[in-house]
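Visitor: Hi, could you walk me through what we are looking at, starting with a sheet?

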Amino acid sequence: MDKVIDENVQGSALILDTSQENNRKLYIESYGCQMNFSDSEIVASILATEGFNTTDRLEEADLVLVNTCSIREKAETNVRKRLEKFNAVKKTKPHMKVGVLGCMAERLKSQLLEEEKIVDMVVGPDAYKDLPNLIREIDEGRNAVNVILSKEETYGDIAPVRLNSNGVSAFVSITRGCDNMCTFCVVPFTRGRERSRDPQSIIKEINELWQQGYREVTLLGQNVDSYLWYGGGLKKDYDKASEIQKATAVDFAGLLSLAARSQPKMRIRFSTSNPQDMTLEVVKTMAKYQNICNYIHLPVQSGSDRILKAMNRLHTRKEYMTLIDDIRTIIPECGISQDIIAGFPSETEEDHRDTLSLMDHVKYDFGFMFAYSERPGTMAARKLADDVPDEVKKRRLTEIIDLQRKHSLYRTKKYLGKTEEVLIEGSSKKSDAHWMGRTSANTVVVFPKEDYKVGDFVDVTISDCTSATLLGNAVGLSENNG
Ligand code: SAH
Ligand code: F3S
């Protein structure tokens, strides 16, 4: 990159932009949760105003950013492997700069600069607005680090640049951080305290997405049910808010209603819900608005009360099952998915069987299942021995995954012969002659393309299924189009 340096202004070096600077190429790769993918779109937007255009070709990048995940050890190992690959590319392109964003940046801070020589810049999840300054630093040959967590930042004022978008569904982030402190989880340390985004800016973004042709949004937060807007500030400081602020506060059920009403044909999804924070008001709001999808991702982690307590999940097995039963009473066709951890410290065979029996009760549509991975700095790492042997963790995980597959098939079979509204997202990965879309309950449907197009709402009659996919034929456009 060319720079003109004028040494005569007030004795300090002034860097003037040249036209070349408006042509730099940004390559950005994201790992981990949906929030990271959404954050990368915010980063791309911030850097677009600095003259960076995104590229999907690593070889032509001037700046390589990797938005990282720390949730399990393996997630971090994968990122370090990618850094090795970047290193190989940098050998042929010495001017290429590399930055690490996200949770690994926040967890490891400047230690990353020492451990991974290729890294020039380390930026935590609340510091992306500082990227223009940090890039100036690295352009001048210095390493740059900003890992300050914020009480206010929600990026509500940034219009994300949609990356790798299908043009149909988009993420809209509504809260940042998490105050729950589950003992196994690194997120409260890497993403800081919980704060909510101004509902006006959320609705504005949803309206703009509709105008751009998007037909589905997923409202994102580590704990969406905890959403609470009272004029800004941390969730934990709500008690100190004024009476007026409290009277006009918007909670998650309120936000869902606002979103559903402002775009009555836009499909609205949300993730992730937390059992202890999800109110029946939210479920009733889902039932009230046809465009809020009938799907809840409701991680349980374990079916054992003793383990739930050790995890600081703040609800019992019974309370979780009651919530599931209430959801099914209010929305009988609601899709429900889980996260489960196998082999949390001290987990016995009996605890594990409690998890399997809870799964039998719920019969989830699908799930995300993991072996426990100790994360440095968490309460579990500090207080509890990681004492379930690896082979036991693996065997329990396999049993959980096998049972889930059985339940998924039980759920998909229930669709046979039914007609479901599907929003077309793109071509099926396996066949270019077929579309892929989802039902309201988030189950994937594949069917012959005919004359339908991406973004259409189509009624599809289901004739066959696997445990993960429904197969069928379109019977016509659904009423929701237009
Ligand atoms: N509330 C967040 C949770 C993020 S972590 C959300 O938005 O989804 C996603 C899942 O990873 C958790 O629900 C949990 O099942 C799993 N997980 C978190 N920490 C873990 C650990 N230390 N070991 C194994 N799995 C973990
Ligand atoms: Fe992690 Fe528990 Fe929050 S899983 S993100 S601390 S709700």
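Guide: Two strands pair if DSSP finds at least two bridges between them, and the strands themselves are DSSP runs of E with at least two residues, numbered from the N terminus. This is a predicted model, in which local features need pLDDT of at least 70 and side-chain atom pairs pLDDT 80 or more, while totals for chains, interfaces and linings use all residues. Residues are numbered from 1 along each chain as written, chains are lettered from A and ligands numbered from 1 in written order, and side-chain values use heavy atoms, without hydrogens or water.

Visitor: OK, so in what order do the 3 strands of the open sheet come?

Guide: The order is β9-β12-β15, with parallel pairing, and the edge strands, each pairing on one side only, are β9 (169–173) and β15 (267–271).

Visitor: How many bridges join β9 to β12?

Guide: There are 5 of them, linking β9 to residues 216–220 of β12, and A170 stands opposite V217 in β12.

Visitor: Switching topic, which residues come nearest to ligand 1?

Guide: Of the 14 residues around ligand 1, the nearest are Q222, T272, Q301, D339 and S373, where being around it means having a heavy atom within 4 Å.

Visitor: What lies 2.6 Å from an oxygen atom of the ligand?

Guide: That is a polar side-chain atom of D339, and one of T272 lies 2.8 Å from a ligand oxygen atom. At S373, a backbone N or O atom lies 2.8 Å from a nitrogen atom of ligand 1.

Visitor: And how much of its accessible area does the protein cover?

Guide: The protein covers 88% of the 550 Å² that ligand 1 has on its own, by the Shrake-Rupley method with a 1.4 Å probe.

Conventions:
Polar contact = N/O pair within 3.5 Å; in protein donor to acceptor, adjacent residues only side chain to side chain. Helix = DSSP H or I, 4+ residues; strand = E, 2+ residues; numbered from the N terminus.
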